Amino acid sequence: MTARIEKTVVSGVFSLDGQDFDVDNNVWLVGDDAEVLVIDAPHRAGPIVQAIGGRRVTAIVLTHGHNDHITAAVDLRAATGAPVWFHPADTMLWDVVHGEVHPEARPDEALAEGTRFRVAGTSLTTLHTPGHSPGSSCLHAPDLAAVFTGDTLFCGGPGATGRSYSDHPTIVRSIRAKLLTLHGDTVVHTGHGEDTTIGAELGRVG
């Protein structure tokens, strides 16, 4: 297996419920020198295309529908030819982000619990983890001892649930059932901020 994990950070604005916040988003690339899978497409496609560096993109997987994770998805698809995978439970968020700019654009494939991706000799399996949003999903890569959690689990505990379509009891149930059951050494690659491990977060989920 030659797959590796790469990170690039793209900065921009998160907008929801009439408020704007400056944020730094992690974009994760899983692959090798020939092909990569891209996790999340925030703000602008240019920095992500640069990080891809001409490699074949097998899929663009969006962890949830907030604008700071999907704004560049349509442009990134146009630049790479890769399909966009997105959980349909977050369609209302997709429509808010892309409804005016790209009214005809839709995700290519429906992300769901158990959806599996293969890239560069490794596999990633989708875990549906609602709470931060109804369609929030994570990708578990057991061969790499890694899980990509979007905004479901951060270094320090669960993601935010104080805005529209979010629910704290739901995110806690998702984390306990789908993430804290993974091996404690599993590295958690988050949508914002620093990495953590499943073991480190065991005592931080209320």
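Begin with the open sheet, whose six strands run in the order E1-E2-E3-E4-E5-E6 with mixed pairing. Strands (E, at least two residues) and helices (H or I, at least four residues) are DSSP runs, numbered from the N terminus, and two strands pair if DSSP finds at least two bridges between them. Select E1 (4-16) and E6 (109-110): these are the edges, and each has a single partner strand, so one side of each lacks a neighbour in the sheet.

This is a predicted model, in which local features need pLDDT of at least 70 and side-chain atom pairs count only at pLDDT 80 or more, while totals for chains, interfaces and linings use all residues. Residues are numbered from 1 along each chain as its sequence is written, and side-chain values use heavy atoms, with hydrogens and water left out.

Leu 16 has Gln 19 in E2 as its bridge partner.

Now select H1 (residues 45-52), which packs on the sheet and touches E1, E2, E3 (35-39) and E4 (56-61). Contact means heavy atoms within 4.5 Å. The direction of H1 makes about 180 degrees with that of E1; axes are lines fitted to C-alpha atoms, for helices over the stretch in contact, and angles run from 0 to 180 degrees between N-to-C directions.

Then select H3 (residues 73-80), which packs on the sheet against E3, E4 and E5 (84-86).

How do H1 and H3 cross, and at what angle? Their axes come within 9 Å and cross at roughly 40 degrees. To see the contact, show Ala 45, Ile 48, Val 49 and Ile 52 in H1, which meet Asp 75, Leu 76, Ala 79 and Thr 80 in H3.
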